[in-house]
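Good morning, everyone, and thank you for making time for this.

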Amino acid sequence: MNLRIPGPTPVPSEVAQAGAAEMINHRGPEFDALIRRVTERVKRVYQTEHDVLTLTASGTGGMEAAVANHVTPGERALVVTIGEFGKRFVEIVDAYGAQPVELAVEFGQAADPARIDAALKADPAIQTVLITHNETSTGVTNVYLPEVAEVVHRHGALLIVDAISSLSSIPVKTDAWNLDVVVSGSQKGWMTAPGLAFVSVNERAWERQAANKTPRYYFDLRKARSSLEKGETPWTPAVSLFFQLDRALDLMFEEGLDAIYERHRRLARMTREGMKALGLELLAAEGVESDTVTAVKMPAKVDGSKFLSIAQQEFDAVFAGGQGSLRGKIFRFGHLGYVTEEDVRAGLRAVEGTLAQLGHAVAGRA
Ligand SMILES: Cc1ncc(COP(=O)(O)O)c(C=O)c1O
């Protein structure tokens with residue numbers, strides 16, 4: 001099967017097999033060595049000297065941990081949304097009793113730091129800004145993230161970043177860009193099965209946590225940090241996923257981070273060019289297209305759900321549909337993690353063949 005959704009992504013067989021290893025004591029010496037080895041390398045991928053905590057949770061759990069630990073009930077928090085995953089931050093902030101102030105950007109576009117600056121000037125009570133680095137629902141990367149961080153800190157606020165579908169595939173320079181809290185998830189570029197979330201925390205964020213009165217327990221990052229100092233997690237971790245991640249990190253460092261980023265750039269370009277050659281239009285504006293997922297406008301008269309089912313049944317290719325208001329209007333083609341040129345070519349052939357079966361004349365050949 002050619003799994004071309006933007007996560008969960010294919011897991012290399014040696015990584016899958018690593019997850020089948022015999023169970024170990026999660027409070028014993030083997031796990032102590034494992035979590036230290038994994039954490040040290042995850043920090044290198046994050047490009048941070050600060051703390052990174054690995055939680056047993058999906059990416060949304062990492063987002064919830066970021067909110068629960070840093071956002072105080074009643075506070076007004078600016079949430080910059082460029083798609084559906086940004087809106088998830090709005091919901092989590094609301095669920096934790098804070099007041100989300102949404103700065104909504106048209107789908108397909110990236111956030112403009114000048115608009116964030118204006119929003120913070122207009123509402124000086126805002127202490128926290130939340131943003132998605134790579135919006136998986138629209139195939140857009142917030143390419144101005146370093147400038148956004150500069151603006152946010154000029155206003156004395158804290159920046160929380162969802163880099164779930166970018167970090168490890170697209171460069172994220174956590175410390176150089178001064179990102180306070182950054183979330184990622186194992187099922188994306190990390191070539192590991194779903195179930196682990198990563199949250200980085202710098203000094204500014206730890207200070208915020210100390211003052212934060214939000215009730216928290218499972219996701220209390222202070223507990224995660226003090227357990228990590230002892231080579232443990234506060235609660236029973238998904239040990240098998242740690243085994244997988246350990247092996248996936250071996251593969252990532254064998255390939256080299258720069259080579260991984262270059263491969264993602266190349267495959268994303270190939271995907272975009274292939275779609276355009278078929279006469280299809282992309283949702284993302286030029287210059288902000290994501291290197292991990294491409295969102296393609298569904299041609300008029302093509303039924304989105306039929307497109308997805310024919311692609312799978314006839315061409316063994318699995319694409320993702322649109323989410324929320326984009327349902328039926330786009331399909332999404334994932335090219336992140338364990339993916340090769342041949343996977344992309346096969347995916348493009350599947351798009352072409354599926355459209356032909358649905359009676360849509362394609363402009364050229366992928
Ligand atoms: C940008 C982004 N944010 C958040 C999530 C949510 O992560 P999860 O589905 O692992 O909870 C995803 C993954 O689907 C994502 O791509």
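Predicted model: local features only at pLDDT ≥ 70, side-chain atom pairs only at ≥ 80, totals over all residues.

Let me start with strand S5, residues 128-132, which is mostly covered, with five of its five residues buried. If you look at the strand from either side, you will find that both faces are covered: Thr128, Leu130 and Thr132 on one side are buried, and so are Val129 and Ile131 on the other.

Which strands pair with S5, and in what sense? One is strand S3, residues 76-81, which pairs with S5 in the parallel sense over four bridges, and here Ala77 has Thr128 of S5 as its bridge partner. Another is strand S8, residues 158-162, which runs parallel to S5 and is joined to it by five bridges; in this pairing, Thr128 stands opposite Leu158 of S8.

Now to the helices. Helix H11, residues 304-315, packs with helix H12, residues 341-357, at an angle of about 115°, and their axes are 9 Å apart. Because angles of 65 to 115 degrees count as roughly perpendicular, H11 is roughly perpendicular to H12. The crossing of these two helices, H11 and H12, is right-handed.

As for the residues that meet there, H11 contributes Phe307, Ile310, Ala311, Glu314 and Phe315, while H12 contributes Ala350, Gly353, Thr354 and Gln357. Sorted by class, this contact between H11 and H12 has five nonpolar residues, three polar ones and one that is charged.

Notes:
Residues numbered from 1 in each chain as written. Buried ≥ 20, exposed ≤ 12 C-beta atoms within 10 Å, placed from the backbone. Pairing = 2+ DSSP bridges. Axes fitted to C-alpha atoms, helices over the stretch in contact; angles between N-to-C directions. Parallel < 35°, antiparallel > 145°, perpendicular 65-115°, else oblique. Left-handed = near helix turned anticlockwise from the far one by under 90°. Contact = placed C-beta atoms within 7 Å. Nonpolar A, V, L, I, M, F, W, Y, C, P; charged D, E, K, R; others polar.
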